[in-house]
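I opened this model to go through a few spots one by one. Notes below are in the order I looked things up.

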Amino acid sequence: MHDIKAIRDNPEAFEAAWSAKGRSGAAAEAIELDAILRKTLTELQNAQSERNDLSKRAGQAKGRKDEAEFARLMAEASELGRLIDGHRHVAVTDQIRLNELLAELPNIPAPEVPKGEDEAENVEVRRWGDPSKLPAGRLNSPKDHVDLGAALGGMDFEAAARMSGARFVVLKGQIARLERALGQFMLDLQTVQNGYTEVSPPLLVKDEALFGTGQLPKFAEDLFKTTVDHWLIPTAEVSLTNIVREQITDEAELPLRMTALTPSFRSEAGASGRDTRGMIRQHQFYKVELVSITTPDQSEAEHERMVQCAEAVLKALELPFRTMLLCTGDMGFGARKTYDLEVWLPSQNTYREISSCSNCGDFQARRMDARFKKAGEKGTHYVHTLNGSGLAVGRTLVAVLENYQDETGRITVPEVLVPYMGGVTHIGGEA
């Protein structure tokens, strides 16, 4: 939720930022609704003041035993009471209209974020790894993960479709174990090496939690809702970030760094016709999420650190990737600044997103009323929240299968995963 006072004080900056995210005219609209609300509140306050004066004068008339004047003044006060009730009703309606608009407006991009309309204008920051040095790099026509998984008997989309419909998969045998190994490896790396605290959070949350992180009300169609007014989390970001909801944290405790390995559930309503083949875009998938809660002066450095923590997974798996700084038009609703990690997929001969790391500034904190307190100070300040994938397990599985395939379709298990695979070094051949 944005601060309407800040919008009134600097409308040009907000208008420029929202226009860059495709929401032109929003600042003027917010200021207009705010002016209507302020006018109603002024009328309400004036009517209340006038009624208080009438009540005082009626009391004086009563003291003089002037019953006629007392009755007249009380009648006026009663009429003002009805007017006040009307003003209150209008003020509530005006406030709701303003709040609804502010809740639907995206975060303000950081000054250094490149302006652009879509992913074509994202900026490559760095690149790591050489695809040609992996097993698949020696193949003329590397297979995609769907064909590899089917040939190995470990990936069944037809069985999943019979029970659940499209965009689901059944994993079996060593491929199922590889998925589990990836998730456990990522979790261990982030907790043991990078200092994140492991959390096992709820997978079902209420409206307020999704409003806090920005999925509601704007993106309800992208979510799955139960029949008992709970929602399935689209990412553990929702659960982890809401741990500080309506809390005041001591500055000395920040930054808080949390991670979780959970299923994620997404309707993919906006992705009709995209990535319909395979595991790239599924309704259900595992993901290791990273969340940091910081002070404002920590958040920029924490963002860079988080990106490095996500990159460390790909480096350990020796998967080539590139790091992209997203432009204004490609950033998410709640993000102030976002880096995407894109892993190399041989079958597509391109890089595909596998992690998104965002600094949300105080955008989510305002919606959740999450604050921190500095030692020796009376007031409180909004925290900054950051989130990132470290990584999406399903897409990482895809990248491992495709990059580590040989000409026979056998998969070499990345060295760091061998202990998690019980010593198995290959899938589709002898260990």
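**Helix 12 and its buried residues**

I listed the buried residues of helix 12 and got V393, G394, R395, T396, L397, V398, A399, V400, L401, E402 and N403. That makes 11 of 11 residues in helix 12 (393–403), so I noted it as mostly covered. By "buried" I mean under 20% relative accessible area, with exposed being over 50% and partly exposed in between (1.4 Å probe, protein chains only). Helices (H or I, at least four residues) and strands (E, at least two) are DSSP runs, numbered from the N terminus.

Before going on, I wrote down the ground rules: this is a predicted model, where local features need pLDDT of at least 70 and side-chain atom pairs count only at pLDDT 80 or more, while totals for chains, interfaces and linings use all residues. Residues are numbered from 1 along each chain as its sequence is written, and side-chain values use heavy atoms, with hydrogens and water left out.

**The cavity**

I searched for cavities next. On a 1 Å grid over the protein atoms alone, a cavity is a set of points where a 1.4 Å probe fits but cannot get out, and lining residues have an atom within 4 Å of a point. Grid points are joined across faces, edges and corners, and a volume is the space filled by probe spheres set on the points. I found one cavity of 30 Å³ or more, and the largest cavity has a volume of about 30 Å³.

Its lining is I280, V343, L345, R352, E353, I354 and R395. Strand 13 (350–359) gives the largest share of the lining, three residues, and strand 12 (337–345) supplies at least two. I sorted the lining into four nonpolar, no polar and three charged residues. For that sorting, Ala, Val, Leu, Ile, Met, Phe, Trp, Tyr, Cys and Pro count as nonpolar, Asp, Glu, Lys and Arg as charged, and the others, Gly among them, as polar.

**S355**

I stayed in strand 13 for S355. S355 is buried, at a relative accessible area of 0%. Leaving out residues up to four places away in sequence, S355 touches A310, Y339, D340, L341, S389 and L391 (contact means heavy atoms within 4.5 Å). Its side chain reaches the backbone oxygen of S389 at 2.6 Å. I also checked S355 against R367: they are 12 residues apart along the chain, and their C-alpha atoms are separated by 24 Å.

**T259 and strand 9**

T259 lies in strand 9 (residues 256–265). Is T259 buried or exposed? It counts as buried, at 0% relative accessibility. The T259 side chain reaches the backbone oxygen of E289 at 2.8 Å. Its contacts beyond four places in sequence include L187, Y196, E198, L240 and E289.

Seven of the 10 residues of strand 9 are buried, so I marked the strand as largely enclosed by the rest of the structure. For pairing, DSSP must find at least two bridges between two strands. Strand 9 pairs with strand 4 (residues 197–198) in the parallel sense over two bridges, with E198 opposite T259. Strand 9 also runs antiparallel to strand 10 (residues 284–294), joined by 10 bridges, and there L256 stands opposite I293.

Notes. On a 1 Å grid over the protein atoms alone, a cavity is a set of points where a 1.4 Å probe fits but cannot get out, and a pocket is an open set with protein on both sides within 12 Å along at least five of seven lines; lining residues have an atom within 4 Å of a point. A polar contact is a pair of N or O atoms within 3.5 Å; within protein, one must be able to donate a hydrogen and the other to accept it, and residues adjacent in sequence count only if both atoms are side-chain atoms.
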